[in-house]
Amino acid sequence: MQFRSSLESEKNIYYQPLPNEESSSPSETDLENERGHKAERKDKAPQGVSAHRKISINKYAFAGAILASTNSVLLGYDIGVMSGAVLYIKDNLKITSTQVEILVGSLNVCSLIGSLAAGRTSDYIGRRYTIVLAAATFLIGALLMGLAPSFTFLMAGRVVAGIGVGYSLMIAPVYAAELSPAMTRGFLSSLPEVFINIGILLGYVSNYALSSLPENKNWRLMLGLAAFPAVIVALGVLVMPESPRWLVMKGRFGDAQRVLIKTSDSREEAELRLAEMIKAAKGFTHGATSSNWRGQGAWKELLFEPSRPIRRILIAAIGVNFFMQASGNDAVVYYSPHVFQDAGIENRQQLVGVTVIMGIAKTTFSLVSALFLDRFGRRPLLLLGSTGMAISLAALGLGSKYLEQSDTKPVWAVALSIVAVCADVSFFSIGLGPVTWVYSSEIFPMRLRAQGSSLAISVNRLVSGIVAMTFLSISEVMSFGGMFFALALIMVVGTVFIYFFLPETKGKTLEEIGVLFEDKVPENERHFVS
């Protein structure tokens, strides 16, 4: 199986102006004719124009992506806060290590429900209101956890919050990808990962700030505080525009055009983007490009009758999501205090303090990745991140193995373990962390994007839950050192998978990306790939 990879620079396209009447709704024929003159406009470029213009970020698209991505703070906060809160929950509620694993992993497993439902939901009610639904569901879960008088009540809150997390993980990158221009889509679609890491850091800081309170109150405050950002997210989303591609699929071309004018660098670019969307939407069966479209037939095409290009897209999307979580990153973050405790750090406040350093590293590198994603492309950052993780996990395994077999706790081994953990999460934040969300949201064709992304992210959450719920048990059998060596081997396999199965998508419109997975590239589309 071979894919066509492209690292080409931004294409310069010169457009014809939109009609002066802003209130008029464009006809489908006029918009499609605009796409037909695309190559001709390139040839008629004005003399003296630079072949590579500076990439600028549209403020309106940036604001929409920021608001959508703030939903991801909720997941990040939960990941970060649970790593410390679980230490106090275990003592306060007198639960076993197995119950700790179930408690931690249940949110990820239950997020499978939300991510599976999010595709059809977002096709039905729209991307924007699905984000509101995600925030409202997590709000209920956070309140249940903060007020939990028992382990059973706490588990109920985790289940509800998990469903909300599943919705948010699927919809935020899809919304950002559909709203963004091609040349800044990588940056804007990777913002959910940046906000996940900001949430993790906030969770760590919350742990550190509240750790001195009585143990019957501190963990409840740690978990319950997540309700406040959920309210802010739900209110902020109400001022966001709807996804223009969803509007096109509903036949609302005029509304889509108005959003595109605001999210494009020029009115001419808006017209071309709309023409491409209409062409991609055309051909939906049973009049899907209308107000009656609800994502009909998507699951059948994805699971039972996939064409060869769709099958390749599924392999790429599901594969990258599998390796994202099989890397064990979530488990390393959740159980980092246990790892550091095993390394010889006994004081709980010191344990939480070390996790704050780890959180700063994750947040910093996820932001660096987001800023350079559209410049260097998806593949280079994925390969760098997965290779770095393999080396870091091997070093962590070495340090952990030495500490396990040594009666003393030499400073170099403790330092190696701490540095290796920070390096592992940093390389994750460079590659698999942000790029997985971007890649999953952009490679599916428009008619399958919501439900295809839903399927891929469901695999993501399932693997994350399995790893989180078995990490401590497996580590007890084969030790932390053995576990980290196994994760390093998984990342070696993941690096090979990325190299052979993931083509480059940098700088392409969502409508152009599908060409990369075709058996043969049409003659008139060869300028899209190299």
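Which residues in helix 4 meet which residues in helix 5? From helix 4 come L75, D78, M82, V86, I89 and K90. Their partners in helix 5 are S97, V100, L103, V104 and L107. The model is predicted. Its chain holds 24 helices and 0 strands.

**Helix 4 against helix 5**

- Two packed helices are described by the angle between their axes and the distance between the axes.
- Helix 4 covers residues 72-93, and helix 5 covers residues 97-125.
- They pack at an angle of about 165°, and their axes lie 11 Å apart.
- That angle makes helix 4 roughly antiparallel to helix 5, because angles over 145 degrees count as such.
- The crossing of helix 4 past helix 5 is right-handed.
- By residue class, the contact between helix 4 and helix 5 divides into 8 nonpolar, 1 polar and 2 charged.

**Helix 9**

- Helix 9 runs over residues 191-210, which gives it 20 residues.
- From first C-alpha to last, helix 9 reaches 28 Å.
- That span is close to the 28 Å expected at 1.5 Å a residue.
- Helix 9 is mostly covered, with 14 of its 20 residues buried.

**The chain as a whole**

- The chain has 530 residues, and 60% of them count as buried.
- Among contacts with a separation of 6 or more, 85% come from residues 24 or more positions apart.

Terms used. Residues numbered from 1 in each chain as written. Predicted model: local features only at pLDDT ≥ 70, side-chain atom pairs only at ≥ 80, totals over all residues. Heavy atoms only, no water. Axes fitted to C-alpha atoms, helices over the stretch in contact; angles between N-to-C directions. Helix = DSSP H or I, 4+ residues; strand = E, 2+ residues; numbered from the N terminus. Parallel < 35°, antiparallel > 145°, perpendicular 65-115°, else oblique. Left-handed = near helix turned anticlockwise from the far one by under 90°. Contact = heavy atoms within 4.5 Å. Nonpolar A, V, L, I, M, F, W, Y, C, P; charged D, E, K, R; others polar. Expected span 1.5 Å × (residues − 1). Buried < 20%, exposed > 50% of the residue type's maximum accessible area, 1.4 Å probe, protein only.
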